[in-house]
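User: I am new to reading protein models, and I would like to go through one slowly. Could you take me through its features in turn?

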Amino acid sequence: MPRLTLIEPKDATGDAARILATAPINIYKGIAANPEIFTTFIAFMRSIGTSGAITKAEKELVMLYAAEARHCGYCVAAHTRVAAGAGVSAERALEARGGHATSAKEQALLDFTKAVIGQNGNVSDAELTAFRAAGYDDRAAIEVVAAITAMTFTALYNHINDTTVDFPPVPSVAPQR
């Protein structure tokens, strides 16, 4: 049961009303209690994966891994659904949550993501070189950090709020290595 205030779409105003009218999901209803943070958060989320440095599907792989690493059931369920809309199969999403990919390029992306999370951004030169060798550039590195940041924010919010998951359940994944 949520521990923080939820804003129902009928009670929202401004940008929050517009966003909640089309996406009345529980996390949005909660973050909408702070309209300035909510609209900034939505803009931030929309910006990740839109510059072409990483694809929307790659963004979702990063977010799935980060959600799993942050132990956020809400984020995992939500981004499994969003990932499906970006062309990521349920099997591929499950693999990404465990840090595994079927292509070498996506594996390099997930390895870099693991390193960023596991080392608080203090990746080695070799890890950054491997990421670049897979075809990613500095803009992509920034987008990976942005995706991890978004998942960290939402995971912490969801843990504090005890947000009710309003997405289909997803299977558990084996512990990450």
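User: In which helix is the place of E60?

Analyst: This is a predicted model, in which local features need pLDDT of at least 70 and side-chain atom pairs count only at pLDDT 80 or more, while totals for chains, interfaces and linings use all residues. Residues are numbered from 1 along each chain as its sequence is written, and side-chain values use heavy atoms, with hydrogens and water left out. Helices are DSSP runs of H or I with at least four residues, numbered from the N terminus, and E60 lies in helix α4, residues 56–69.

User: Is E60 buried or exposed?

Analyst: Buried means under 20% relative accessible area, exposed over 50%, and partly exposed in between, using a 1.4 Å probe and protein chains only. E60 has 2% relative accessibility, so E60 counts as buried. Contact means heavy atoms within 4.5 Å, and, leaving aside neighbours within four places in sequence, E60 touches H79, V82, A83 and A86.

User: How are α7 and α8 oriented to each other?

Analyst: Axes are lines fitted to C-alpha atoms over the stretch in contact, with angles from 0 to 180 degrees between N-to-C directions. Under 35 degrees counts as roughly parallel, over 145 as roughly antiparallel, 65 to 115 as roughly perpendicular, and the rest as oblique. The axes of α7 (residues 104–118) and α8 (residues 125–133) come within 9 Å and cross at roughly 155 degrees, and the two helices are therefore roughly antiparallel.

User: Which residues of α7 and α8 meet?

Analyst: From α7, A108, L109, F112 and A115 meet E127, L128, A130 and F131 of α8.
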